[in-house]
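These are my notebook entries on side-chain interactions looked up in one structure. The sequence and the model are shown first.

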Amino acid sequence: MAIELYHTSHSTCSQKVRLTLAEKGLPERNKDWIEHDVDLNKFQQLSPEYIKINPNGVVPTLVHDGKPLIESSAILEYLDEVIPEPSLVPADSIGRAKMRAWMRYIDEVPTAAVRVPTFANIIAPMRFTNVTDTDFSTHVDRLPLRKQFYQRMTQKGFGNAEIEYALSQIRQTCDRIEQALSDDGGPWIMGKQFTLVETQVTPLIDRMEDLGYGDIWSDLPKMGDWFERVKQRPSYAATYYSGARISEKYPQYFQTAAKLRTERGY
């Protein structure tokens, strides 16, 4: 089975797929699966060659036996089907429905929310500080997806209201994880089984911790313990190799990010 992954080391959606590959027993890049690193700073995701396999112009893209697959959440479910052991999906219909409800929520709420502090604190200062309005608009017009997201942001980043709303959505996600761990007894979000819910949400929680927002769940003991358990799994180490966290990828921007948080109160 030939698996290729077009990804970026610090992309949370790429990390979801890498976590799932590792849980399926394929942890080693360029041995168990072939990697193609897509340089987002050079906008390789918008090149004609890449757009041919992923018309959305985002990472990741999984190519399996020559057939490209897009959308990270769909890729996770696909991998569980084609590599059935160990299963990351509940065996019963009710369990699968609950898992998909979780996955839909994660796509719609925390996945979108995490982009806001990521772009406000790192991406906007790094890419767009000295970019003119015209050049910024030209860049936005090239994007197959997320035009409105960039237009809301502008090259100056997001305002306090956008940041505060995003953080409230992350807090809601953490509250729901805490409640699920209480209701179902853990140790995982859906009970005794480690599922695709973990591989989908872990990179989002990890990104918030990496950006300095770990205090969001400091009063949620079950949630905190859950995250520590995730970090102890071999799949976490395989996914977060050296340079895979955004703080390691762009350390020079983290002082600026800390200063912005202090100045703007987020």
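I looked up Phe194 and found it buried, at 7% relative accessibility; buried means under 20% relative accessible area, exposed over 50%, and partly exposed in between, with a 1.4 Å probe and protein chains only. The model is predicted, so I note that local features need pLDDT of at least 70 and side-chain atom pairs count only at pLDDT 80 or more, while totals for chains, interfaces and linings use all residues. Residues are numbered from 1 along each chain as its sequence is written, and side-chain values use heavy atoms, with hydrogens and water left out.

I then checked the ring of Phe194 against that of Trp188: the centres are 5.0 Å apart and the planes stand at 85°, so the pair is edge-to-face. For the rings of Phe, Tyr and Trp (its six-membered ring), a pair requires centres within 6.5 Å; planes under 30 degrees apart count as stacked, over 60 as edge-to-face and the rest as tilted. Trp188 is also buried, with a relative accessible area of 9%.

The charged end of Arg233 sits over the ring of Phe194, 3.8 Å from its centre. The charged end of Arg229 sits over the ring of Trp188, at 5.7 Å from the centre. The criterion is NZ of Lys or CZ of Arg within 6 Å of the ring centre and within 35 degrees of the ring normal.

I count 6 aromatic pairs by the ring rule. Trp217, Trp226 and Phe227 form one aromatic cluster. Both Trp217 and Phe227 are buried. Phe227 belongs to helix α10, as does Pro221; helices (H or I, at least four residues) and strands (E, at least two) are DSSP runs numbered from the N terminus. Pro221 is exposed, at 54% relative accessibility. I also recorded that the C-alpha atoms of Pro221 and Lys67 are separated by 43 Å, the two residues being 154 apart along the chain.

Arg245 bridges to Asp206, with the closest N and O atoms 3.0 Å apart. Arg245 lies in the loop between α11 (234–239) and α12 (246–249) and Asp206 in helix α9 (residues 196–210), so this pair ties together parts that are 39 residues apart in sequence. Asp206 is buried, its relative accessible area being 2%.

Asp210 forms a salt bridge with Arg245 too, at 3.5 Å between the closest N and O atoms. This pair links helix α9 with the loop between α11 and α12, across 35 residues. Asp210 is buried, at 10% relative accessibility. Through shared partners, salt bridges join Asp206, Glu209, Asp210, Glu228, Lys231 and Arg245 into one network.

I located Glu35 in strand β2 (residues 34–37). Arg29 forms a salt bridge with Glu35, the closest N and O atoms being 3.1 Å apart, and Arg29 is partly exposed at 33% relative accessibility. What touches Glu35, not counting residues up to four places away in sequence? I found Leu5, His7, Arg29, Asn30 and Tyr241, with contact meaning heavy atoms within 4.5 Å.

Key: A salt bridge is a side-chain nitrogen of Lys or Arg within 4 Å of a carboxyl oxygen of Asp or Glu.
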